[in-house]
Amino acid sequence: MPELPRFHLAVPVDDLDAARHFYGKLIGCAQGRSSDRWIDWNLHGHQFVTHLAPSRPEQVHNPVDGHDVPVPHFGLILTIPEFHELADRFREADTSFVIEPYLRFEGLPGEQWTMFLLDPAGNALEFKAFADDSQVFAV
């Protein structure tokens, strides 16, 4: 399988020290270049940037499987062990989940573990894991 292109994503944060703790310590991203207004992160090989932006728009939610899914959101597709290790780190840090980790579509195409949470600036993140990566785009 050819290597997938890496993405670049920049999100607003209202506190770079809180972003440094959340993305660097809790999630485990390596920090790259930075200034007093932004920080580059290595998010599993993707360039992710937190930019200081004190004001932000209101969050929207859409109903999915009986949950209010925050929009916009972003995240990673992890292995199942990585997913559970990260969920445990969030629990140990007393992180509040928007949607607690759970198994979605159990026994159906696209079966996946998923969880939603907010970073300290209110950016919504979803982490998920598939037992079978060929099911990522299953219908």
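Is R91 buried, partly exposed or exposed? Select R91 to find out: R91 is partly exposed, with a relative accessible area of 39%. (Buried means under 20% relative accessible area, exposed over 50%, and partly exposed in between, using a 1.4 Å probe and protein chains only.)

This is a predicted model, where local features need pLDDT of at least 70, side-chain atom pairs count only at pLDDT 80 or more, and totals for chains, interfaces and linings use all residues. Residues are numbered from 1 along each chain as its sequence is written, and side-chain values use heavy atoms, with hydrogens and water left out.

(Helices, H or I of at least four residues, and strands, E of at least two, are DSSP runs numbered from the N terminus.)

Now try D40 and R33, whose side chains meet in another salt bridge (3.1 Å, N to O). D40 is buried at 8%, whereas R33 is exposed at 56%. Then select K128 and E126, a salt bridge at 3.6 Å between the closest N and O atoms; both residues are buried.

Finally, show helix 1, residues 16-26, and colour its buried residues: L16, A19, F22, Y23 and L26. On the other side, D17, H21 and K25 are exposed.

Terms used:
A salt bridge is a side-chain nitrogen of Lys or Arg within 4 Å of a carboxyl oxygen of Asp or Glu.
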